[in-house]
Amino acid sequence: MSDNTTSNNPTEPILELKGVYSGYGSIKALRDVSLKVYPGEIVAIIGANGAGKSTTLMTICGIVPLEKGDIIYNGKSTKRIAPEKLPPLGLCQVPEGRRIFPRLTVEENLILGAFYRDDKPEIKKDIDHVYSLFPVLGERNRQKGGTLSGGEQQMLAIGRALMTKPKVLLLDEPSLGLAPLIIHQIFEIISDINKNQGTTILLVEQNANLALQAATRGYVLETGEITLEDKASSLLHNPEIRKAYLGE
Amino acid sequence: MIQEFKKIWKQYAITMLWLLGILWPLLGIHPDGTLSFRQTFTVWSYILAGTFICFIFYIINKSDNFKLLTEPIANTSQKLNNSLQSMPSWIWKSALLFGAVIYPIATGRYATDVAINVLLYVSLGLGLYVVVGLAGMLDLGHIAFYGVGAYTYAILNVKYGMGFWVCFPFAGLSACIAGCIVGYPTLKMRGDYLAIVTLGFGEIVRIILNNWMSLTNGPNGILGVKSIGILRPVMENGFTFEMFWVTKLELFYYFALGLAILTIIAVTRLGSSRIGRAWESIREDETAAELMGVNTFYYKLLAYAMGAIFAGFAGALFAARMRFVSPESFTFLESVMLLCMVVLGGMNSIPGIILGVIALIALPEVFRGLESYRMLVFGSTMVIMMLFRPSGLIAAKRKKMMETKQPEERG
């Protein structure tokens with residue numbers, strides 16, 4: 001852990017969900033979800049369609065309101081923190097389906113990632129850093145985001161989130177709709193970000209095989225409830241998981 | 001060319017015959033039971049001649065024979081564009097400013113009057129540009145803020161005798177408050193719902209102005225609004241100041257020009273600032289903007305407030321020029337016209353919006369003779385624009401926002 005100065009004890013979880021209930025009106029998407037993410041980890045949440053994976057991330061970010069339970073980030077409850085105050089605290093999400101700003105250029109997208117920051121030279125350095133991680137973005141920095149390919153858009157979305165200098169990066173289905181080769185590339189970069197920058201990563205995936213290979217620990221989410229929690233390697237060899245999510 | 005002709009001559013012939021078939025019952029059968037062919041045939045032959053010319057053009061275009069004609073035009077326009085870009089911007093800016101300054105001297109009273117209208121609408125249109133073009137919220141009631149500004153000045157001036165320069169900020173402020181009032185409850189709405197609420201708000205303001213007899217004098221409007229007064233130094237009996245009323249239209253023009261320039265500068269600066277970036281991110285994807293740390297609530301409210309302030313300023317100037325305000329001037333149709341100007345000119349570019357305003361205010365004045373067809377022409381122009389140039393007359397240019405290393409250097 002390089003820049004984890006605020007959390008004093010490395011064995012304390014940096015992000016913790018305690019009995020979280022949330023949903024959309026009368027539809028309860030999450031029921032009593034509890035999970036812990038420790039600094040420097042990659043944690044994967046796997047589950048089928050509609051299990052509540054994306055809702056979990058959106059609840060952490062405050063976009064979907066929390067109904068019951070609590071979310072502790074860096075030792076503080078996020079209940080009273082507005083969603084837009086979370087990126088400055090180091091919690092940032094790459095939303096499902098990328099959601100880049102299609103009519104803004106690649107560079108403007110990245111600058112918007114650094115919206116809360118006002119240290120121009122640093123921002124410039126970070127943009128160059130993102131370009132070195134994803135050279136293709138550097139080549140297309142004047143191009144509109146919407147004209148990029150799916151893989152490039154995913155890279156842009158990750159790059160944009162990196163511009164917020166996250167301590168914890170939430171990734172929602174980074175493999176969605178991408179070719180296998182590109183997925184591999186992206187997962188390599190995710191591991192890279194985790195190793196080289198010490199960014200903690202909470203990863204939500206349908207592609208359980210890939211996610212568990214990259215992760216240190218994993219949770220299984222089924223219809224809004226956590227049904228299993230284990231080391232990623234043991235989940236990968238769990239016969240039930242293999243049957244349900246890995247197609248064996 | 002012959003091949004192209006062979007492909008479509010049959011459809012063309014059938015269509016024309018079919019047209020003749022439906023034209024005859026319309027024109028050839030008279031109410032008294034008599035039948036005639038002559039009139040039908042003349043009308044039809046005119047249409048035939050007209051469409052045949054279009055038909056020939058279509059074929060020439062399809063078979064690429066137009067290139068002889070279009071290529072030199074494209075080339076010269078390209079060259080012109082390049083030379084314009086290489087010219088420093090201050091040259092054409094000062095030329096434009098010079099033209100605007102000598103305009104009332106060079107032209108007559110009528111032309112100046114139209115120009116004042118254009119300038120006021122430029123301020124209005126740029127206010128709407130902030131809301132619609134930058135923040136991406138459809139506003140069908142923007143003229144209400146114009147009305148609030150105009151009435152603020154009229155009421156403060158007539159009832160309380162306050163001068164223009166004291167009322168001017170108040171007009172902006174009250175419009176800004178009105179903007180927040182409409183903005184606050186609508187912040188959670190998007191798209192169609194927002195459009196309907198703003199439409200309703202515009203109507204509410206007009207109806208209030210129409211019915212609050214004690215304050216606004218209802219449909220009769222407020223008469224006797226004073227013009228702009230400026231203090232002029234007088235040298236006759238020592239050095240004193242004298243109140244001087246701007247009654248001449250030419251002088252008034254310069255105030256409108258001043259406001260328009262102020263608005264252009266302010267909106268340009270806003271657009272390229274951090275605030276502008278936040279607005280654009282909200283327009284593109286609100287949830288993603290929120291995830292990136294943009295306080296969408298605050299910035300959407302700010303967009304409404306800023307748009308309304310410029311409309312309020314323009315409204316105060318409008319009241320000072322007309323010396324009369326009535327609810328008639330702030331109807332829904334005006335809002336729609338304003339939106340048309342913004343969309344026609346190019347929703348995301350400031351020069352485009354200015355061009356749109358000129359097109360929709362000055363051109364109808366030029367073509368006074370065709371007045372009864374105005375709405376028809378507007379409608380068809382909008383449809384054609386949306387089909388062929390959806391981004392407006394002058395599309396937005398994305399400029400670079402920050403210098404970064406070129407990719408080649410990065411290796």
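Residues are numbered from 1 along each chain as its sequence is written, while chains are lettered from A and ligands numbered from 1 in the order in which they are written. Because the model is predicted, local features need pLDDT of at least 70 and side-chain atom pairs count only at pLDDT 80 or more, whereas totals for chains, interfaces and linings use all residues.

Helices (H or I, at least four residues) and strands (E, at least two) are DSSP runs, numbered from the N terminus. Two strands pair if DSSP finds at least two bridges between them.

In chain A, six strands form an open sheet with mixed pairing, in the order E6-E7-E8-E3-E9-E10. Strand E6 (91–94) and strand E10 (225–231) of chain A stand at the edges with a single partner strand each, so one side of each has no neighbour in the sheet. Neighbouring strands of this sheet are turned by 15° against each other on average, direction ignored. For such angles, axes are lines fitted to C-alpha atoms (for helices, over the stretch in contact), and the values run from 0 to 180 degrees between N-to-C directions.

Within this sheet, strand E3 of chain A covers residues 42–47, and six of its six residues are buried. A residue is called buried if 20 or more other C-beta atoms lie within 10 Å of its own, exposed if 12 or fewer do, and partly exposed in between, with C-beta atoms placed from the backbone. In a regular strand, side chains alternate between the two faces of the sheet. In E3(A), Ile42(A), Ala44(A) and Ile46(A) lie on one side and Val43(A), Ile45(A) and Gly47(A) on the other, and all of them are buried. E3(A) pairs in the parallel sense with strand E8 (residues 200–205) of chain A over five bridges, and Ile45(A) stands opposite Val204(A) in E8(A). Strand E9 (residues 217–222) of chain A also runs parallel to E3(A), to which five bridges join it; here the bridge partner of Val43(A) is Arg217(A).

Chain A also contains an open sheet of four strands, antiparallel in its pairing, with the order E2-E1-E4-E5. Its edge strands are E2 (27–37) and E5 (76–77) of chain A, each of which pairs on one side only. Strand E1 (residues 15–24) of chain A is joined to E2(A) by seven antiparallel bridges, and Leu17(A) has Leu35(A) as its bridge partner in E2(A).

Helix H1 (residues 53–60) of chain A lies across E1, E2 and strand E4 (66–73) of chain A, at about 70° to E2(A). H1(A) also packs on the six-stranded sheet, where it touches E3, E6, strand E7 (168–172), E8 and E9 of chain A and makes about 145° with the direction of E7(A). Eight of the eight residues of H1(A) are buried, including Lys53(A), Leu57(A), Met58(A) and Ile60(A). Just after this helix, Gly62(A) takes a positive phi of about 80°. Another helix, H6 (residues 150–162) of chain A, lies across E6 and E7 of chain A at about 170° to E6(A).

The account now turns to chain B, which has 17 helices and four strands. Of its 411 residues, 34% count as buried. Chain B is divided into domain 1 (2–66) and domain 2 (93–388), with bounds that come from an automatic or database domain assignment. The centres of these two domains, taken over C-alpha atoms, are 47 Å apart.

Helix H10 (residues 249–272) and helix H13 (residues 296–322) of chain B pack at an angle of about 175°, their axes 11 Å apart. The two helices are therefore roughly antiparallel, as angles over 145 degrees are classed that way, those under 35 as roughly parallel, those from 65 to 115 as roughly perpendicular and the rest as oblique. Among the residues that make their contact are Phe252(B) and Leu259(B) of H10(B), and Phe310(B) and Leu317(B) of H13(B). Residues are in contact if their C-beta atoms, placed from the backbone, lie within 7 Å.

Finally, the two chains meet in a contact that takes 22 residues from chain B and 33 residues from chain A. On the side of chain B, H11(B) gives the most, with five residues.
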